[in-house]
Amino acid sequence: TVTLTQAPWEHTFTGLPKFNANGAVIDYNVIEDPIENYTVQSTGNATEGFTFTNTNTETVDVKVSKTWVGPSKPVTFIITADDVELQDKTVTLTQAPWEHTFTGLPKFNANGTVIDYNVIEDPIENYNVQSTGNATEGFTFTNTNTETVDVKVSKTWVGPQKPATFHITADGRELVDKTVTLNAAPWEHTFTNLPKYNANGTAIVYDVTEDEIPGYTTTRTGTAETGFVFNNSNVETVAIKVSKIWIGLPGKATFRLTADNEELTDRTVTLTQAPWEHTFTNLPKFKADGSLIEYNVTEDEVAGYELTNAGGNAVEGFSFTNSRIVGTTNLQISKLWKSATGTEISAPVDSVNVQVLRNGTLVQEIRLTKEQNFKATVENLPVEDIYGNPYIYTVQESNANNGKVSIQGVEYNVSVQGSLQTGFIISNAAPAPTPVPMVAAPKTGDTQNIWFLLFSLLGASVCILFIKRKRTN
């Protein structure tokens with residue numbers, strides 16, 4: 001008996017008797033003790049030698065399992081032994097449970113080395129695969145769906161455009177890194193490369209929301225598949241104030257409102273009493289194209305009044321001032337020069353100034369000239385105030401004081417006659433001449449008295465000539 005423990009795996013039994021005691025050739029045979037997990041096959045004979053072939057009977061099982069990130073599909077697994085495909089072992093899984101065990105696989109090669117088993121998966125369109133594990137622990141294949149979707153969002157405006165911020169959610173969970181703000185045209189954005197499926201294979205539900213924009217209402221249409229459309233309409237309004245000022249007795253005032261030159265007939269208002277103001281409220285601020293609506297206020301003509309001031313704008317308000325129209329008249333003024341006896345004389349000057357007074361207050365000063373015969377007309381004098389109270393007009397010579405005026409050293413008496421209706425006449429009367437003292441006739445032979453009389457007459461003549469020359473000048 002012999003035990004072999006290592007190569008070379010052979011042994012020769014030597015010196016064995018050829019014959020037995022009775023002379024017959026001894027029949028030698030060799031047997032092998034059984035070896036666990038091996039089968040044995042022997043060939044040969046005592047003459048040629050015996051060959052024992054031991055084949056290992058150990059087997060292994062290789063498990064493969066499948067997980068999906070995305071919808072499941074049929075999957076095919078191929079097992080290889082030392083990189084050689086075992087075609088008869090290929091298996092296709094079509095439903096849960098997504099696992100399979102390759103059983104009864106030889107553990108060793110003919111040379112006694114452990115067979116290296118591996119499992120590979122046929123590619124699946126729109127999936128990438130990741131495998132973990134080994135033949136001993138089993139293989140796990142994770143297939144992740146690579147399909148993506150794009151979600152488009154677009155924006156329309158009724159009113160001026162402003163920055164708009166959009167948020168996208170996946171099954172209600174916000175994808176914060178995908179938030180986008182649009183600031184200018186084109187008012188659209190596409191969220192791209194979004195995973196189509198959840199890990200459990202259900203389609204992800206995407207939704208898009210917009211941050212609130214002050215002064216706007218928002219409506220949304222569409223779906224994640226067709227795209228979302230957000231329409232923002234401006235709801236800002238303006239209020240336009242109009243006020244009324246009366247100069248004179250108030251009447252009634254009708255105001256009309258226009259928007260971009262189109263009258264808003266339902267907004268017409270008539271004011272008949274104080275307070276003389278009105279506010280047009282809740283007026284849209286913008287047109288559909290986003291431009292400001294231009295509002296204006298006009299006033300109907302008021303009979304008996306003149307629109308003396310109209311101003312303002314839609315932001316600060318409009319103001320209208322109406323003045324009562326009063327009648328006017330013309331005032332005739334003339335100037336006369338008279339002697340002390342009342343006869344008309346030549347004017348000692350070329351012009352004089354005359355003041356026109358209304359209710360005792362100076363309103364105008366005019367010049368009367370010799371060239372115009374000391375006559376003039378003051379035109380367009382109002383006959384009453386704006387409240388209907390009649391005016392009283394008077395005239396006076398500008399330099400007159402207590403009914404007298406001094407001209408070239410001569411003091412004239414000034415008088416005024418007439419009225420607004422008939423005209424005024426201003427008369428300047430010269431003073432009476434200074435009387436010449438009477439001198440008694442001298443007695444005969446009184447030479448001294450004669451000379452005194454002659455000098456007296458001469459002096460009187462000179463004075464008269466001087467006064468007359470001054471009047472002429």
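Hi everyone, let me begin with a definition: helices (H or I, at least four residues) and strands (E, at least two) are DSSP runs, numbered from the N terminus. Next, this is a predicted model, where local features need pLDDT of at least 70, side-chain atom pairs count only at pLDDT 80 or more, and totals for chains, interfaces and linings use all residues. Residues are numbered from 1 along each chain as its sequence is written, and side-chain values use heavy atoms, with hydrogens and water left out.

Let's start with the whole chain. What does its secondary structure come to?

Now the overall dimensions. The C-alpha trace spans about 250 × 55 × 30 Å along its principal axes. The radius of gyration of the chain is 67 Å, whereas a compact globule of 473 residues would have one near 23 Å. That radius is taken over C-alpha atoms, and the globule rule is 2.2 Å times the number of residues to the power 0.38.

How much of the chain is buried? Of the 473 residues, 28% count as buried. Buried here means under 20% relative accessible area, exposed means over 50%, and partly exposed is in between, with a 1.4 Å probe and protein chains only. The chain exposes about 30,300 Å², and carbon and sulfur atoms supply 51% of that area. Accessible areas come from the Shrake-Rupley method with a 1.4 Å probe; for residues, only the protein chains shown count as cover.

A word on contacts, meaning heavy atoms within 4.5 Å. Among the contacts in the chain with a separation of 6 or more, 54% come from residues 24 or more positions apart.

Let's zoom in on one strand, β31, which covers residues 393-397. Which residues form its covered face? Tyr393, Val395 and Glu397 do, while Thr394 and Gln396 make up the uncovered one. Strand β31 pairs with β28, residues 351-358, in the antiparallel sense over five bridges. Two strands pair if DSSP finds at least two bridges between them. For Val354, the bridge partner in β31 is Glu397.

Asn402 has a positive phi, near 55°, in a residue other than glycine. Is Asn402 buried or exposed? Asn402 is exposed, because its relative accessible area is 74%.

Asp82 also has a positive phi, about 50°, although it is not a glycine. Look for Asp82 in the loop between β4 (75-81) and β5 (84-85). With a relative accessible area of 33%, Asp82 is partly exposed.

Now for the cis peptide bonds. One runs from Ala7 to Pro8, with omega near 0°, and Pro8 lies in the segment before β1 (38-45). Another joins Ala274 and Pro275, with omega about 0°. Where does Pro275 lie? In the loop between β22 (269-271) and β23 (277-284).

My last stop is Thr146, in the loop between β10 (138-145) and β11 (148-158). Thr146 counts as partly exposed because its relative accessibility is 38%. Leaving aside neighbours within four places in sequence, which residues is Thr146 in contact with? They are Asn126, Tyr127 and Asn128. Finally, Thr146 and Thr343 are 197 residues apart in sequence, and from C-alpha to C-alpha they are 129 Å apart in space.
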